[in-house]
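I opened my notebook to look up a few things in this structure, one at a time. Come along and check each entry with me.

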Amino acid sequence: MTFAWVRPVARNERRPLAWGRPLRHHQRMDIKILIFDGLTALDAIGPYEVLSRLPGADVRFVAAAPGLQRTDNRFLALNADHGLDAVG
């Protein structure tokens with residue numbers, strides 16, 4: 001199972017994202033998808049494909065340390081842009 005962090009980024013950082021409501025033009029979302037060695041590729045790629053199409057979405061992969069993470073069949077590697085310290 002892969003986890004995704006979704007955080008709205010707007011002028012007023014304290015205001016939570018209102019689910020079910022469209023984002024305003026000035027709002028962005030930072031979405032981090034956690035990947036790890038041995039994950040099933042579809043668990044990361046599926047959410048990435050859907051969430052990356054949201055208006056204002058900035059989707060990135062994160063892992064314990066930046067770098068390549070191999071999938072469960074060892075044929076595919078996904079690159080973590082940032083380590084977990086970038087999630088905040």
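**Entry 1: the end of the chain**

I began with Val 87, which is partly exposed at a relative accessible area of 25%. For this I used these cut-offs: buried means under 20% relative accessible area, exposed means over 50%, and partly exposed is in between, with a 1.4 Å probe and protein chains only. Val 87 lies in the segment after strand E6 (82–83). I then looked up a distance: the C-alpha atoms of Val 87 and Lys 32 are separated by 7.2 Å, though the two are 55 residues apart along the chain.

A note to myself on what I am looking at. This is a predicted model, in which local features need pLDDT of at least 70 and side-chain atom pairs count only at pLDDT 80 or more, while totals for chains, interfaces and linings use all residues. Residues are numbered from 1 along each chain as its sequence is written, and side-chain values use heavy atoms, with hydrogens and water left out.

**Entry 2: the overall plan**

How many helices and strands does the protein have? I found one helix and six strands. Helices (H or I, at least four residues) and strands (E, at least two) are DSSP runs, numbered from the N terminus. Read from the N terminus on, the order of elements is β-β-α-β-β-β-β.

I also noted that the protein has 88 residues, and buried ones make up 31% of them. Of the contacts between residues at least 6 apart in sequence, 52% join residues at least 24 apart. Contact here means heavy atoms within 4.5 Å.

**Entry 3: the core**

Which residues make up the largest nonpolar core? I wrote down twelve: Met 29, Ile 31, Ile 33, Ile 35, Leu 39, Ala 44, Leu 51, Val 59, Phe 61, Ala 63, Leu 78 and Ala 80. Two or more residues each come from E2, H1, strand E3 (57–63) and E5. A nonpolar core is a set of buried Ala, Val, Leu, Ile, Met, Phe, Trp, Tyr and Cys residues joined through side-chain atoms within 4.5 Å.

**Entry 4: the helix**

In H1, I found Ala 41, Ala 44 and Leu 51 buried. Seen down the axis of H1, the buried residues fall within an arc of 140°, so they line one face of the helix. The arc is that of the directions from the helix axis to the C-beta atoms. These buried residues of H1 pack against E2, E3 and E5. On the other side of H1, Leu 42 and Val 50 are exposed.

**Entry 5: a hairpin**

Next I followed E4 and E5, which pair in the antiparallel sense over four bridges. Two strands pair if DSSP finds at least two bridges between them. Leu 68 has Asn 79 as its bridge partner in E5. The two strands E4 and E5 form a hairpin with six residues between them, and Arg 74 in the turn has a positive phi of about 65°.

**Entry 6: Thr 71**

Is Thr 71 buried or exposed? Thr 71 counts as buried, because its relative accessibility is 1%. I located Thr 71 in the loop between strand E4 (67–70) and strand E5 (77–80). The side chains of Thr 71 and Asn 73 are joined by a polar contact of 2.9 Å. A polar contact is a pair of N or O atoms within 3.5 Å; within protein, one must be able to donate a hydrogen and the other to accept it, and residues adjacent in sequence count only if both atoms are side-chain atoms. Leaving aside neighbours within four places in sequence, Thr 71 is in contact with Gly 38, Leu 39, Ala 41 and Leu 76.

**Entry 7: salt bridges**

Side chains of opposite charge can pair when their charged atoms come close. A salt bridge is a side-chain nitrogen of Lys or Arg within 4 Å of a carboxyl oxygen of Asp or Glu. By this rule I count four salt bridges.

- One joins Asp 37 and Arg 74 at 3.1 Å, N to O. This pair links distant parts of the chain, 37 residues apart: Asp 37 is in the loop between strand E2 (28–34) and helix H1 (41–51), and Arg 74 is in the loop between E4 and E5.
- Another joins Asp 30 and Arg 28 at 3.2 Å, N to O. Asp 30 is buried at 12%, whereas Arg 28 is partly exposed at 38%.
- Asp 58 and Arg 60 also meet in a salt bridge, at 3.4 Å, N to O.
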